[in-house]
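Colleague: I would like to learn how to read this structure. Could we take it feature by feature?

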Amino acid sequence: MSQPSPSPQTLALPKGVVVKGALAARYDEVLSHDALAFVAELHRRFNETRLRLLSLRTERQKRFDAGETPDFLAETRHIREGDWTVAPIPADLQDRRVEITGPVDRKMIVNALNCGAKVFMADFEDASSPLWTNMIEGQLNLKDRWANAIDFTDANTGKAYALKPNPAVLIIRPRGWHLPERHIEIDGEIASGSLVDFGLYLFHNAKAALAAGSGPYFYLPKLESHLEARLWNDVFVAAQNALGLKTGTIKATVLIETLPAAFEMDEILYELRDHMAGLNCGRWDYIFSFIKKLARNPAFVLPDRSQVVMTKAFLNAYSLLLIKTCHRRGAFAMGGMAAQIPVKNNPEANAAAFAKVQADKEREAGNGHDGTWVAHPDLVPVAMEVFDRLMPQANQLDKKREDVNVTAKDLLEVHQGTRTEAGFRENIRVGVQYLEAWLRGRGAVPIYNMMEDAATAEISRAQIWQFVSYGVEVDGKTKVTPELFKRCLAEEMERVKSEVGAESYEKGRFPEAIELFSKLSLAPQFEEFLTVPAYGKLG
């Protein structure tokens with residue numbers, strides 16, 4: 001006879017492991033003794049290297065602040081010039097023409113798996129606010145998916161949600177190397193969010209996913225060097241050995257969403273070659289990284305966000321280089337996010353939004369990308385039609401793009417455009433509204449007919465910080481100062497209050513969001529990630 005589960009208030013903890021998060025029903029299923037022991041072993045083996053690599057980021061940033069710019073590495077030239085390819089990629093990852101992304105709440109998971117996309121990226125990172133409940137219930141939801149127990153009825157609406165046949169392939173995005181999980185301590189150290197998300201998912205689901213004809217697949221965010229990719233590879237090898245999985249069972253797609261990583265794409269592929277499925281153009285975070293890495297250099301001040309487009313300058317160069325690099329190595333080159341969402345009750349605006357998505361996807365498919373991202377189920381058919389028309393085969397690995405020759409100068413070319421007070425003010429409104437929702441536990445937020453995630457707030461405050469630091473003139477006449485920022489902030493918050501309604505505004509967490517956004521925008525030193533100080537304000 002099976003033993004009853006421990007009560008929600010008790011866990012059987014391995015030695016050295018402390019769980020500080022509140023416990024609720026079924027949490028013991030995710031936070032089992034053996035799963036936590038597995039995560040603890042990964043932490044003990046790899047956390048020191050993780051922290052060392054994060055310190056290397058800090059040292060590199062000091063060089064950028066002093067005027068150095070990124071370049072291709074001399075010491076890895078032999079890898080870039082070598083003739084090698086990645087290991088074979090599983091059958092269910094051969095056709096990735098449309099991928100949908102979103103947080104790990106139960107309704108999102110069912111809807112995304114059912115929406116007709118080829119892949120669903122379940123996101124523990126930028127599309128999720130890292131509330132303890134979000135993280136653990138997300139793990140429970142994914143465990144239920146592989147146990148064929150994800151179906152549910154919404155208690156509020158009475159609507160039933162059930163998984164359809166042939167759901168999308170599931171890929172998990174754990175948190176980046178820089179993010180902690182403060183509710184779990186191992187030998188007195190705060191655990192790595194990356195290792196917690198990865199370890200818990202792999203431990204509970206790898207064998208079930210394989211038995212279902214798929215596998216343990218991951219999207220890796222925020223990498224800044226091939227050394228960070230090497231660390232992930234070492235983690236994969238150790239985890240596979242511990243669970244009795246064959247080397248290469250885990251497959252990873254790496255988001256190229258930091259400026260330094262764009263100069264190390266070959267090297268990142270090489271380090272993960274036994275586990276590699278492709279690279280992805282994480283465009284929004286890439287814009288943020290471009291601003292951040294070169295924030296102290298007045299030669300790299302960008303125009304308004306709306307004018308930093310994929311068809312021009314550094315964004316165009318990096319996407320073409322990604323396609324060429326991936327296809328030379330037998331890896332897939334994934335396009336970026338279409339952040340537009342349907343515009344309700346406005347057919348004209350809705351048609352314009354869909355037309356933008358279509359044009360963006362036509363550019364990606366025409367350039368040679370093997371697939372793309374959307375943020376809303378209603379955009380899956382739009383993207384699918386484009387890739388079905390322009391890519392009738394499963395992928396475009398045969399499109400080598402040997403005509404592309406991207407230099408370091410191309411990867412640093414600044415977009416031409418205007419810097420306006422309207423754009424400055426929009427950064428304030430969008431940044432504060434996103435941060436306020438994030439503090440309430442929501443990581444994917446519709447704002448002004450766009451699905452925004454943490455990258456949005458990062459771009460917003462990074463541009464504001466740069467404009468204030470250099471006293472940039474907006475509209476060719478008004479110098480941006482701390483005083484102008486404060487005046488615009490007050491005025492734009494009145495506008496936001498009128499847009500969301502006074503009652504919703506008062507019930508929200510706007511005072512905290514305004515305080516933090518203002519502090520980071522005016523800080524003498526640029527804060528690496530706003531989600532790190534904001535994490536301390538979460539429940």
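**Reading the model**

Colleague: Where do we start, and is strand E6 mostly covered or open?
Modeller: Strand E6 (residues 169-173) is mostly covered, with five of its five residues buried. Buried means under 20% relative accessible area, exposed means over 50%, and partly exposed lies in between (1.4 Å probe, protein chains only). Helices (H or I, at least four residues) and strands (E, at least two) are DSSP runs, numbered from the N terminus.

Colleague: What should I know about the model itself?
Modeller: This is a predicted model: local features need pLDDT of at least 70, side-chain atom pairs count only at pLDDT 80 or more, and totals for chains, interfaces and linings use all residues. Residues are numbered from 1 along each chain as its sequence is written, and side-chain values use heavy atoms, leaving out hydrogens and water.

Colleague: Which way do the side chains of E6 point?
Modeller: Val 169, Ile 171 and Arg 173 point one way, and Leu 170 and Ile 172 point the other way. All of them are buried.

Colleague: How do I read strand pairing?
Modeller: Two strands pair if DSSP finds at least two bridges between them. Here strand E3 (residues 119-123) runs parallel to E6, joined by five bridges. Ala 122 has Ile 172 in E6 as its bridge partner.

Colleague: In which sense do E7 and E8 pair?
Modeller: Strand E7 (residues 180-186) and strand E8 (residues 189-192) are antiparallel, with four bridges. Pro 180 stands opposite Ser 192 in E8. The two strands form a hairpin with two residues between them. In the turn, Asp 187 has a positive phi of about 55°.

Colleague: What is a nonpolar core?
Modeller: In soluble globular proteins, nonpolar side chains tend to be buried together. A nonpolar core is a set of buried Ala, Val, Leu, Ile, Met, Phe, Trp, Tyr and Cys residues joined through side-chain atoms within 4.5 Å. The largest one here has 124 residues. Phe 120, Phe 198, Ile 256 and Leu 279 have the most contacts inside it. Helix H11 (residues 313-328) gives the largest share of this core, nine residues. A second, separate core has 38 residues, including Leu 131 and Phe 510.

Colleague: What does Ile 256 touch?
Modeller: Contact means heavy atoms within 4.5 Å. Not counting residues up to four places away in sequence, Ile 256 touches several residues, among them Met 265, Leu 279, Cys 281, Tyr 286 and Tyr 318.

Colleague: Is Thr 325 buried or exposed?
Modeller: Thr 325 is buried, at 7% relative accessible area. Thr 325 is found in helix H11. Its contacts, not counting residues up to four places away in sequence, are Met 265, Asp 266 and Leu 269. Thr 325 and Leu 269 are 56 residues apart in sequence, yet 8.9 Å apart in space, C-alpha to C-alpha.

Colleague: How many aromatic pairs are there?
Modeller: Rings of Phe, Tyr and Trp (its six-membered ring) pair if their centres lie within 6.5 Å; planes under 30 degrees apart count as stacked, over 60 as edge-to-face and the rest as tilted. A search of the whole structure finds 22 pairs. Tyr 286 and Tyr 318 are stacked, because their ring centres are 3.7 Å apart and their planes are at 5°. Tyr 286 lies in helix H10 (residues 283-293) and Tyr 318 in helix H11, so the pair ties together parts 32 residues apart in sequence. Tyr 286 is buried, at 0% relative accessible area. Tyr 318 is also buried, at 0%.

Colleague: Why is the pair of Phe 288 and Phe 526 called tilted?
Modeller: The planes of Phe 288 and Phe 526 are at 40°, with ring centres 6.4 Å apart, so the pair is tilted. Both residues are buried.

Colleague: How many disulfides does the structure hold?
Modeller: A disulfide is a covalent bond between the sulfur atoms of two cysteines. The cut-off is a pair of cysteine sulfur atoms within 2.5 Å. The structure holds zero disulfides. For Cys 281, the nearest cysteine sulfur is that of Cys 326, 8.3 Å away. Cys 281 counts as buried, at 2% relative accessibility. Cys 326 counts as buried too, at 0%.
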